[in-house]
Amino acid sequence: MSDRGMKKYVPFKSLVAQSECLEQLRYKRNKIEKPKISSDKAEELNEILQNINPIYLYELTYFYDGYLYKLTANILGIDTINKKLNTDKGSLYLYDVLNIVRLD
């Protein structure tokens, strides 16, 4: 009798591809539209950004690829040319930022 080795598991490889496909479908299905910011909230964000201090930690809520994310970081500055918010953990586009809260 011959040893089949790993050949006996070949039919189950399709399940891995199916699980990846199902995961992509779930990811796409759960996406949301970007929330709109009211003019009051925009003014509040503008005031916070004008008075940022790099020694404080901020919790940033931002929108990316259909999902809302939260990031806790120090805000180092604003790149007005590229319209980016520079933090110690990377940079975000200003139009993606939805909320900023200073953590004490």
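## Salt bridges, strands and core in a predicted model

In this predicted model, the side chains of E44 and K41 meet in a salt bridge, at 3.5 Å from N to O (a salt bridge being a side-chain nitrogen of Lys or Arg within 4 Å of a carboxyl oxygen of Asp or Glu). The two sit three residues apart in helix α2, so about one helical turn separates them. E44 comes out as partly exposed, at 38% relative accessibility, and K41 is also partly exposed, at 22%. Here buried means under 20% relative accessible area, exposed means over 50%, and partly exposed is in between (1.4 Å probe, protein chains only).

A few words on bookkeeping: residues are numbered from 1 along each chain as its sequence is written, and side-chain values use heavy atoms, with hydrogens and water left out. Since this is a predicted model, local features need pLDDT of at least 70 and side-chain atom pairs count only at pLDDT 80 or more, while totals for chains, interfaces and linings use all residues.

As for the overall layout, the protein chain has two helices and five strands, and from the N terminus on they run α-α-β-β-β-β-β. Helices (H or I, at least four residues) and strands (E, at least two) are DSSP runs, numbered from the N terminus. Buried residues make up 20% of the 104 residues. The accessible surface comes to about 8300 Å², with 54% of it belonging to carbon and sulfur atoms; areas come from the Shrake-Rupley method with a 1.4 Å probe, and for residues only the protein chains shown count as cover. Of the contacts with a separation of 6 or more, 49% are between residues 24 or more positions apart, a contact being heavy atoms within 4.5 Å.

Back to the charged pairs. A search of the whole structure turns up six salt bridges, among them E23 with R26, where the closest N and O atoms are 3.2 Å apart. Both residues lie in helix α1 (residues 13–29), three residues apart, or about one turn of the helix. E23 is partly exposed at 48% relative accessibility, and R26 is partly exposed at 39%. Another of the bridges joins K31 to D65, with the closest N and O atoms 3.0 Å apart. K31 lies in the loop between α1 and α2 and D65 in the loop between β1 and β2, so this pair ties together parts that are 34 residues apart in sequence. K31 is partly exposed at 34%, and D65 at 36%.

D65 turns up again in the hairpin of β1 and β2, which has two residues between the strands; there, D65 takes a positive phi near 55°. β1 and β2 pair in the antiparallel sense over eight bridges, with F63 opposite L68 in β2. Strands count as paired if DSSP finds at least two bridges between them. β1 is also antiparallel to β5, over six bridges, and here L57 stands opposite L103.

Strand β3 (residues 84–87) has L85 and T87 on a covered face and K84 and N86 on an uncovered one.

What makes up the largest nonpolar core? The 12 residues are L45, L49, Y58, L60, Y62, L71, A73, I75, L85, L92, V97 and I100, where a nonpolar core is a set of buried Ala, Val, Leu, Ile, Met, Phe, Trp, Tyr and Cys residues joined through side-chain atoms within 4.5 Å. At least two residues of this core come from each of α2 (39–50), β1 (57–64), β2 and β5 (97–103).

T61, in strand β1, counts as buried at 12% relative accessibility. Beyond its neighbours within four places in sequence, T61 contacts Y69, K70, D96, V97, L98 and N99. Y69, found in strand β2 (residues 67–79), is partly exposed, at 31%.
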